[in-house]
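Load the model in the viewer and keep the selection panel open.

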Amino acid sequence: MKPRIAVWKFSSCDGCQLSLLDCEDELLALGNAVEIAYFLEATSRVEDGPYDVSIVEGSITTAHDEERIQEVRENSGVVVAIGACATAGGIQALKNFADVEEYKRIVYAHPEYVDTLATSTPIGEHIKVDVELRGCPIDRGQLLAAISALVLGHAPRTKTSPVCLDCKQNGITCVLVSKGRPCLGPITQTGCGALCPSIGRGCFGCFGPADTANVDALTAQLRQLGMTDVGIDEMMNTYATTQFRKLVADQAGTGRGGSDDSGEQV
Amino acid sequence: MSHRTGGRILNVKALARVEGEGALHVAVRDNEVLDAKLQIYEPPRFFEAFLEGRDFREPPDITARICGICPVAYQMSSCTAIESAFGVSVEGQLAELRRLLYCGEWIESHVLHIYMLHAPDFLGYPGAIEMAAEHRDLVQRGLRMKKIGNQLMELVGGRAIHPVNVRIGGFYSSPDPERMREMLPDLRWALDAAQETVDWVNTFSFPAYEGDWEFVSVVQPDRYPIMGDRIRSASGVLDIPVAEFLDHFSEEHVAHSNALHGKWDRGQYVVGPLARFANAQDQLPPGAAAAADRVDLHGEVRNPYKSIIVRAIEVVAAYEEAIRIIEDYVRPTAPAIPVRPRASVGHGVSEAPRGLLYHRYFLKDDGSIDSCDIVPPTAQNQPAIEHDLLHVVEDNLSLSDADLTHLCEQTIRNYDPCISCATHFLEIRRVDV
Ligand code: SF4
Ligand code: SF4
């Protein structure tokens with residue numbers, strides 16, 4: 001029997017699931033190799049679970065979604081969380097560090113109509129996640145490799161080295177050292193192939209922190225370039241804010257942490 | 001879905017083949033339609049709130065994350081708003097590169113919608129993958145056309161979803177002319193395929209229905225509109241500079257939705273391909289103009305089901321424009337023009353694939369954002385969608401629940417609604433704390 005795949009959406013921009021439809025060369029072959037049992041963005045055919053693989057985009061921001069993600073887990077063999085929303089709470093997790101009632105008033109005339117939790121949290125805070133693909137958005141190649149591995153019954157493997165290493169391997173001139181531009185490449189997990197440095201732009205961390213990240217060393221370098229602590233904080237805390245905050249908190253006091261105290265930490 | 005005596009309720013809890021999460025709710029009693037709603041479930045993400053206090057360089061990247069299907073629209077509307085606040089304007093080859101990037105997005109989004117989201121409605125399939133079982137060549141043609149749109153975005157923007165190369169003032173780096181010209185053979189193939197697409201969708205059968213709304217779009221003096229600084233309605237009653245947009249249009253927060261409904265002081269309006277076509281058909285490049293003649297579409301197209309043909313004509317136009325821009329491309333001397341922040345307000349507007357997208361930023365002297373407003377196209381089209389639903393249900397009460405529901409879903413998809421976009425805004429009002 002073909003493996004049954006489901007694609008779920010929580011709070012997100014749809015970009016990560018669009019990456020699947022953007023696999024133009026592989027999509028029809030994929031449609032033959034697996035049964036797409038639930039993928040609302042692509043088909044109105046809806047098959048009940050259980051599913052062999054559930055691909056989950058988006059973060060948890062409502063009470064209803066807290067329940068829905070439990071059902072996804074119960075009905076799924078393997079759960080793959082895709083993108084910064086699903087793995088880190090996404091850019092909408094910026095509200096975790098603000099007053100949500102005030103946010104509602106800023107955006108909506110009738111805040112009482114709006115149902116939302118105070119936080120945006122990654123899927124892994126609610127259920128066991130088997131595979132995580134980082135990025136805002138994910139890399140199409142990583143997605144295909146992960147699906148192929150799962151279809152063949154292997155555990156997918158993704159690189160955890162920093163963007164920096166990709167620059168070195170691909171002969172990309174270092175934007176931080178040679179051009180003096182702020183770059184999070186030394187502490188950001190690769191997967192994009194050093195996309196931003198390849199066009200002369202500093203990395204802004206959309207794949208979240210790398211395992212080996214040393215925040216202190218980079219913070220010192222960024223200060224030397226004239227960045228303020230607020231600027232450094234905002235640079236790290238946008239696309240994968242919960243992960244970078246955790247990294248800074250974990251490294252604080254170890255001599256590897258960022259020294260600016262930016263308020264609450266996750 | 002339930003069928004009750006004396007009345008009917010059609011409920012679709014999760015709409016398929018739209019971007020984002022929405023639901024359909026229709027209530028009928030004694031042959032009278034009591035209620036027709038497109039409900040938006042998509043939880044709010046509060047972009048306008050967390051942009052406050054951020055640096056003026058950030059909106060192109062941050063607002064792109066509102067929508068993975070039309071990130072370039074957000075990037076372009078935010079860039080032009082902030083550039084106008086600082087009193088600069090991007091011209092020449094840099095403006096052409098922006099248009100090229102935007103053509104890539106129109107192609108990618110329109111072809112996705114035509115082939116994968118909307119055509120299955122007309123031909124009776126649940127989706128494109130199922131459609132491919134019987135029409136493999138057609139679906140493959142669509143996928144290749146879409147891929148070429150994505151490649152344009154990768155070439156100019158560095159990445160197809162949330163491009164990384166866009167900045168206030170232009171780009172981080174300008175693409176290499178040699179690499180651009182390598183795309184020409186594929187683009188010429190795609191232009192032919194786009195012409196065939198127009199003829200293909202023109203063979204569909206279109207439910208009879210005409211909407212009575214005004215068409216509102218951006219206009220450009222010398223081009224089919226993508227980025228411009230005036231807004232016009234097809235009847236001519238409205239012709240304003242972008243800075244006056246909020247004097248005429250507002251958004252209303254309705255209880256059943258996390259999105260705001262667009263309102264115009266003069267009545268019902270729609271944005272999107274039908275509106276652009278009504279305003280600027282005579283500015284289409286020659287191949288697209290010929291296609292419109294061939295299928296005999298002119299001026300105000302009032303049957304919203306025919307929007308799929310107009311989208312196909314716009315795809316022809318986007319490939320033609322892409323070819324023209326690449327053939328004429330000379331690498332600009334610098335990838336961006338300099339900007340200097342000042343306390344000011346700026347308005348920006350551009351034509352997302354699904355219609356007019358407006359941004360306004362209030363900026364401080366140090367370049368930080370004091371507040372901002374974003375009015376996305378789907379919020380503006382939502383009242384028209386509900387209006388259409390009401391009439392379509394009224395006209396088709398003899399259909400079975402299943403057929404009527406299907407017709408309602410198809411009606412919603414006429415607008416290619418992007419629910420992810422619609423949900424995140426509304427009027428940003430200053431909070432007194
Ligand atoms: S991670 Fe980024 S690209 Fe993916 S759904 Fe979230 S906002 Fe969109
Ligand atoms: S270089 Fe950094 S910011 Fe750019 S795409 Fe890669 S991870 Fe994201």
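**Chain A and its sheet**

Start with chain A, which has 11 helices and five strands; these are DSSP runs numbered from the N terminus, helices being H or I of at least four residues and strands E of at least two. This is a predicted model, in which local features need pLDDT of at least 70, side-chain atom pairs count only at pLDDT 80 or more, and totals for chains, interfaces and linings use all residues. Residues are numbered from 1 along each chain as its sequence is written, while chains are lettered from A and ligands numbered from 1 in the order in which they are written.

Colour the strands of chain A. The five form an open parallel sheet in the order 2-1-3-4-5, where pairing requires that DSSP finds at least two bridges between two strands. Strand 2 (35-39) and strand 5 (131-133) of chain A are at the edges with a single partner strand each, so one side of each has no neighbour in the sheet. From one strand to the next the twist averages 20°.

Zoom in on strand 1 (residues 4-9) of chain A, which pairs with strand 2 of chain A in the parallel sense over four bridges. Here A:Ala6 is opposite A:Tyr38 of strand 2.

**Helices on the sheet**

Select helix 3 (residues 63-74) of chain A: it lies across strand 1, strand 3 (51-57) and strand 4 (76-82), at about 130° to strand 4. Next, helix 6 (residues 140-151) of chain A lies across strand 3, strand 4 and strand 5, at about 165° to strand 5. Axes are lines fitted to C-alpha atoms, for helices over the stretch in contact, and angles run from 0 to 180 degrees between N-to-C directions; contact means C-beta atoms, placed from the backbone, within 7 Å.

**Ligand 2**

Which chains surround ligand 2? Residues from chains A and B do, so the site is shared between chains.

Buried means 20 or more other C-beta atoms within 10 Å of a residue's own, all placed from the backbone. Of its 203 residues, A:Val56, A:Ile82, B:Ile107, B:Ile313, B:Val316 and B:Tyr319 touch the most other members. Helix 4 (residues 92-123) of chain B gives the most to this core, with 14 residues.

Note on methods: Contact = placed C-beta atoms within 7 Å. Near = placed C-beta within 6 Å. Core = buried A, V, L, I, M, F, W, Y, C linked by C-beta atoms within 7 Å. Buried ≥ 20, exposed ≤ 12 C-beta atoms within 10 Å, placed from the backbone.
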